[in-house]
Structures are given as structure tokens and as C-alpha cells.
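Subject: Structure handover and findings

Hello,

Here is the structure we discussed for handover. My notes on it follow below.

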Amino acid sequence: MESVFTKEKKNMTSCKRKWEETTSSKIPKTEENSSESCLSQPSDQSVHEVITYEPATLPAIHYDPDTTEPISCSLKSLDQLLSWKRNEASPFNVATVPLASRYPPLHSCPRRTLVSHDMMGGYLEDRFIQGAEVEMPYAFYHWEYIDIFNYFSHQMVTIPPAVWTNAAHKHGVLSIGTFITEWTDGAKTCEAFLADEESYRAAADKLVQISHCYGFDGWLINIENVLSETAVKNTGPFLRYLMDQMHERVPGSVVIWYDSVLKNGSLIWQNELNDDNRMFFDACDGIFTNYNWTEQSLQWMKSYSSAQGRFADIYVGVDVFARGKVVGGKFETNKALELIRKYEFSTALFAPGWVYECHEKADFRQNQDKFWNLLSDFVYIHRPSSSLPFISSFCQGFGKSMYWRGQVEMKRSWFNLHAQEIQPLYLSENLNNGGWLRTRGCSEDAWIGGCSLMVEGMIPSGLSKVCARIFSLHIPLAPKTFVSFVYKPPVGVNISLELKTIDGPLCTFDGMEEITSSSVFPEALAEDNQLVEQFARNCGRWTLDGWTTRCFLLKMIGCSLREVCIRVSRDEGDEDVSFNCRIGEIMLLDAESLQAPLQSVEGICVTDVVWHTGSSKGDGHTLKVLLNATLRWQYPSQQVRHFRIHWRHLRGPDPRIPPGPLTLIGRSYSNLYRVVEVEVPAAPGLIELVVEPVSREGFRVPEAQWGRRTLSYSASSSESPSM
């Protein structure tokens, strides 16, 4: 499988530390890795540190050696794989979002779509687990169209960064890593781990433990080198053992084989499933074919006896870069999908980042939306299925600024897929008489996060309204469902919500055909309505700055929400009317939850403290003190949208300087955060580190329920800072 960009980028942290096997519980909760250090910090006592400027002892594979920022990485050799230790795994790279339910689920989807990301060698800005400052990063947000996301690189063991797994899981998409061997070195690796049963089981066990530990859902196995007779004889049993162990330890996981090696050990890509590679297909969950297939290849597989009953497990490969003699690719990838679906196979799209790599970065959103809109006739729209609440501010995980309730909280470009919220449908359609309708993400303004949803188009003469479907869902409603809708009113048109529901008996339906639904047009509640007043109190004060919030109450028993639509209708007249409307957030809650109490942050502790120094602005001779530390705490993850991390100065060497105000450091999307290069007053000093939870609904948590920990520090008597 040829990568678009195989040369390793400079400054990519390599994996050099060896790890050991452990087989404890399913997910290594971050508290487990630090239980002793946290127990040694009673909640009512301050942590004390003596400042030293010695090199950090944190493992360089998990932390940037310059800043101590947590990073994701791969394993580069068989030795690193076999010596992997669970107790030395990165707690920051553990996926914290469980795999969401969706319809249709993977097992009942007859024609699936796998995306193999292959973005310029992998582990770029996405390796920074807490985010990075990037002007226009590559991100994926058309999750509703795909079933499996494969993080691909040419490192031997490619572990998906947690940001990708969390974003995939939030949308019900499986996230799988890559195990790859290539060319001469790859052949040597295979001779070692495929030498006998003990060897291949040892390698498979480690792959299972890594997936189980970091919370992703399986592996693409890509052997692109010649295999000896012994090695190829053991490849089938290796795949079977790996698949069985993955299914046992990670329910719903998959192991997929890439079409490369033949049953005689030769490296000859077949571009189809046939007798020469069937033995590998029979031993795992599916095959990802090479890209140089023809329609005759598809016809052959459709009639091939060993493919019968498993068409969905045959992922016909499409190289979006269109290298070699292929069908489709680039903006004609739809031609390949049309043929593949004609013969009822699944597909694997390799390197759809072509829309980013080969075009102007400023046009990335436009080109990615164009690419997937061209494919929309050949992919299923999967519906998120969950209980209330359902919330989305449409954030795609990056932006020009970070917003909170319409106000800029951080004015700089940023990228963090942890922040990506449930994505809407990005549609583009032409209407009669020259009318048109489109939805797209826009970073110029937002309600929460980095972007809002633009609904824009033209209502043609003769048409009074248009309707944009922004979500397809499968969510049971409460007897009383409270709805909040935030938008900026456009000029010349009226905006309203249309919700489509189905009856309760159909709520467990997981088939493919459409179900007849009923439209509901909710009426807005008055501002003095008791529920609206309670909602406003929960949210706290904010400045609308052009945004409008409408609240609704649905009283429906035994119904499930199927679609959320934005209706745009003309004010008056019958001439063509152009419009653009910015949608900030849609939220549906059980009305009873407006009264639910919010919990307090507990067990906050400080570990892995590292001190750095640098020259202060000005004369260049005054040294500043920089704090780096890991914060851990306890809070129910299902109740929180994110945490805001603050610090403030309480006391310093000059007693005349009063305590300072709280200063925002950043956001965390788990119960773990690395404070990086925060400048604190010179020693001796006392500061406070504060963890503020923000509920899923965005409700204000009283300050008394925030987590706090004081940290005192003094200068070392034996060491002075050096530049």
C-alpha cells in the first residue's frame, strides 16, 4: 500500500522505550496509573515542590521533549511490540469516548465504507493530544457516511491518536490501527514473528493488549513483503488467533487483511478476492483489495463461491489519488463507488486527504464537502442512536478562535478533534427554477467551539419555503422534551424548526429502508415560561451579540426523533430570495433534567511536575519560571462537555502583591490535563490550580463545586536556573 508521503517528518517523536505485558482490566483508567501518587495528596493539603531545572524524566515517546506536552506515537519494530508494557502506556492517549450506537449498525450494513486516512505519513499536528495551534489542519467530519476509520502510517504498529478514536466513537464509527511490514526489513520481521505458533501468538497478544488498552477497535494487517513457506503457513493461524482474541477482548472489533501476499508467499497484488488470497480472507473479518481492479474483477468476485454470503466483508480499494490504472479517483471517485455498489461490495477509500494535500488549504472545507457530496448516492447515512440529551454546536474540531456562548474565549487558530461535536449533514442540492440549498461549516463566527453551521441558498420564485435536513437520528424522546435552538436571524426570510418523529414500536427498527415519519412544528415558549427561566438560570449570564435563542417543549409519549430540519420561508412577495443563516446549537433534553443537581470535582491531584526557565520579555536578563504538571481528578464523564483549567497566584516573594485573578489555561476533554509552560511568580510562591466542569448542556457549575489544589514551591538551595 503506497503512501502519499512516506518520508518521516522532522521533529516527529520516535518510539524508543520498550514496554511490558499486563493483562489487567479493559481500560487503564488514568487514576490507576497514578493511584499511589494521588493517595499521597490529601485533598485538604497543599502540594509542595522544590524547583530544580534538571532534565525531565518523562518518557520521550509520550511527551514532547521540549515542552512535556503529551503526544501520540507508533511502534517502529518487532522488539518494541513484544516488549510493550501496559503500565507504561500513555494515559493521555487512551480513548475516553465509548463507541456510540447508530443505525444501521455495522453488522447489518450490507455495503460498508472504510476510510484509510494516510495523511502525509501520519502523526502530524494530530499527535498533540491536547491540541495544537494550526492555521488550517486536516480533519474529517463526514462520519455519517462511513463505518470504519483506519489510521494509517508506514510505522510497523500504527496506534490511532486518541483524538481520532474519540471523534470516530462519538459518531458510532470503528477506529482501527495498522500493522504493516514492508520490503526486506519487513520480510525479516515476518520470519521472526511467524516462525511458529508461540511467536505469532506473542505478537498477536500484544496487538490485542494495545487495542484494548488504548480503546480502539481492531487492526488492518498489511504484509507487503515476500513470505517464506513457514511464514505463509503461519499467517492464516496468526490472523485467526488475532481475530478471535480481538473479538473476545474488544467486542465488535475487526481484523482486516490487505490484498498483497499470495498463499505461496509471493508478493503480487491481486486487486480482487480469488483462490490465491482466499486463505487470508477466510481467517479474518474482511479483505481490503488493492486498487487496480476492473469491472471484470467485480464480476468475478460476485460469482466466486468463497465470496458468497460475505460480500460486505470485501472492501474494494479505491486510491483517491488515482495512481496507476484505476477506476475513478480524485473528484471522480464516485465512478468507482457506483461500480462497486452495483456488485454489492463494500469499499475502502485510501487517502481521501487528497482534497487537503493537493488543493489550496483555504478551500479545504469546500473541497471535502464537494468530494463527499459526489459520493452521497453510494453511501448510507448512519443515524446516531442514543438517549437524551442530544446536543451539537457543530464544532468540527478546529477553528480560527475558540468560542463560548458566542464570545471569543481564545483568539488564535486551534486544532483538537476532542472538541469535535456530533456532525450534521453537509448537503448541497439544486432546486427547481434555479433555486439551491447548501449547508457548510464556517469558522468566521460560532456559538460554542470553533465553527457554526451555515444554511444558505436561494428560494426561487414560485416556492414559498425550503427545508434543510441537518440531522438524521434515532433518539427516543421523553414525555416532555425541552428543545433549545440558537441561531442568528437572517434578513428577508424566517427561520423555524421542523422535527420528524416516528412511533415507539419502530424505535428498535434497524433495517435499511426509510420509515414514514410525522412532522412536528414546535411553537416557541415565552421568555417568562418557567422552563425557559430555569434553563436561563442553569446557563448563567451571557451576551447574545446578535444570537437568538428559542426554546420549545415537545409533549410526545412513545415517540422517537428521526430528523431535525431547518425551514426557511420568505417574508413576502414571490421573487427569488437569497439567504444565509448561521446556526449555533441545537439541544434536546429531558425537561426533568433541568432540575438535576450537578456534581463536584473530586480527588484532584498534581503529579509529574517539571520546571523550566526562560528569558522574560524586556531586558532579557530576568528569568521566568515555567510550570509543567499533570492534573488528575474524578468526575462522571457522561455528565461533562469539557473542563476549563485555570490557575491563579495566591502568594509570592513580595507580600505586598495581592492574589491574582483566575487565568484560563485551556480545556480538557477527559479527567486528565497536562499543564504546559505556565509562567508563575518567582519562588517562593503559592498558586492554585482549578478544574471547572462544564456540563454537557453547557450549564454553569457553581464555583463551590470546582476542583482546587494549591501548589507551593521554593527555590533549591543547591541549584540556580541556567539559560
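**Strand pairing**

Strands β24 (residues 493–503) and β27 (residues 559–570) run antiparallel and are joined by 11 bridges. One of the pairs at residue level is Asp503, whose bridge partner in β27 is Cys559. Please keep in mind throughout that this is a predicted model.

β24 also runs antiparallel to strand β25 (residues 518–520), with 3 bridges between the two. Here Lys500 stands opposite Ser519 of β25.

Another group is an open sheet of 3 strands in the order β29-β30-β33, with antiparallel pairing. Its edges are β29 (602–615) and β33 (672–680); each has a single partner strand, so one side of each has no neighbour in the sheet. From one strand to the next the twist averages 20°. Between β30 (residues 623–634) and β33 there are 7 bridges in the antiparallel sense. Thr630 faces Arg674 of β33 in this sheet.

**Asn628 in strand β30**

Asn628 is part of strand β30. Its relative accessibility is 0%, so Asn628 counts as buried. A polar atom of the Asn628 side chain lies 2.8 Å from the backbone nitrogen of Glu677. Leaving out residues up to four places away in sequence, Asn628 touches Thr67, Thr68, Asp608, Val609, Val610, His612, Arg674, Val675, Val676 and Glu677.

**Helix α10 and its surroundings**

Helix α10 (residues 333–342) has 7 of its 10 residues buried, so the helix is largely enclosed by the rest of the structure. The buried residues are Thr333, Asn334, Ala336, Leu337, Leu339, Ile340 and Arg341. They pack against β3 (113–116), α9 (295–303), β10 (314–319), β11 (346–350) and α12.

The loop between β10 and α10 contains Val327. With a relative accessible area of 23%, Val327 is partly exposed. Not counting residues up to four places away in sequence, Val327 touches Trp293, Lys335, Ala336 and Leu339. From Val327 to Leu339 the separation is 12 residues in sequence and 9.0 Å in space, C-alpha to C-alpha.

After α10 comes Glu344, which has a positive phi near 70°. Glu344 also forms a salt bridge with Lys302, with the closest N and O atoms 3.2 Å apart. This pair links distant parts of the chain: Lys302 is in helix α9 and Glu344 in the loop between α10 and β11, 42 residues apart. Lys302 is partly exposed at a relative accessible area of 27%, and Glu344 is partly exposed at 34% relative accessibility.

**Other salt bridges**

How many salt bridges does a search of the whole structure find? The search finds 25.

In one of them, Arg201 is paired with Glu197, the closest N and O atoms being 3.1 Å apart. The two residues are 4 residues apart in helix α6 (residues 197–214), so about one helical turn separates them. Arg201 counts as partly exposed, at 35% relative accessibility, and Glu197 is partly exposed with a relative accessible area of 43%.

Arg644 and Glu692 also meet in a salt bridge through their side chains, at 2.8 Å from N to O. This pair links distant parts of the chain, with Arg644 in strand β31 (residues 640–651) and Glu692 in strand β34 (residues 685–695), 48 residues apart. Both Arg644 and Glu692 are buried. A network of salt bridges links Glu409, Arg644, Arg667 and Glu692.

**Asp369, a buried charge**

Asp369 belongs to helix α12 (residues 364–375). Which side chain of opposite charge is nearest to Asp369, and how far away is it? It is Arg365, at 6.7 Å. The cut-off for a salt bridge is 4 Å from a side-chain nitrogen of Lys or Arg to a carboxyl oxygen. Asp369 is therefore buried without a salt bridge.

The Asp369 side chain does make a polar contact of 3.0 Å with the side chain of Tyr141. Apart from residues up to four places away in sequence, Asp369 touches Tyr141, His142, Tyr426 and Arg440.

Regards

Terms used
Residues are numbered from 1 along each chain as its sequence is written. This is a predicted model: local features need pLDDT of at least 70, side-chain atom pairs count only at pLDDT 80 or more; totals for chains, interfaces and linings use all residues. Side-chain values use heavy atoms; hydrogens and water are left out. Buried means under 20% relative accessible area, exposed over 50%, partly exposed in between (1.4 Å probe, protein chains only). Lys and Arg count as positive and Asp and Glu as negative; His and the chain ends are not counted. A polar contact is a pair of N or O atoms within 3.5 Å; within protein, one must be able to donate a hydrogen and the other to accept it, and residues adjacent in sequence count only if both atoms are side-chain atoms. Contact means heavy atoms within 4.5 Å. Two strands pair if DSSP finds at least two bridges between them. Axes are lines fitted to C-alpha atoms, for helices over the stretch in contact, and angles run from 0 to 180 degrees between N-to-C directions.
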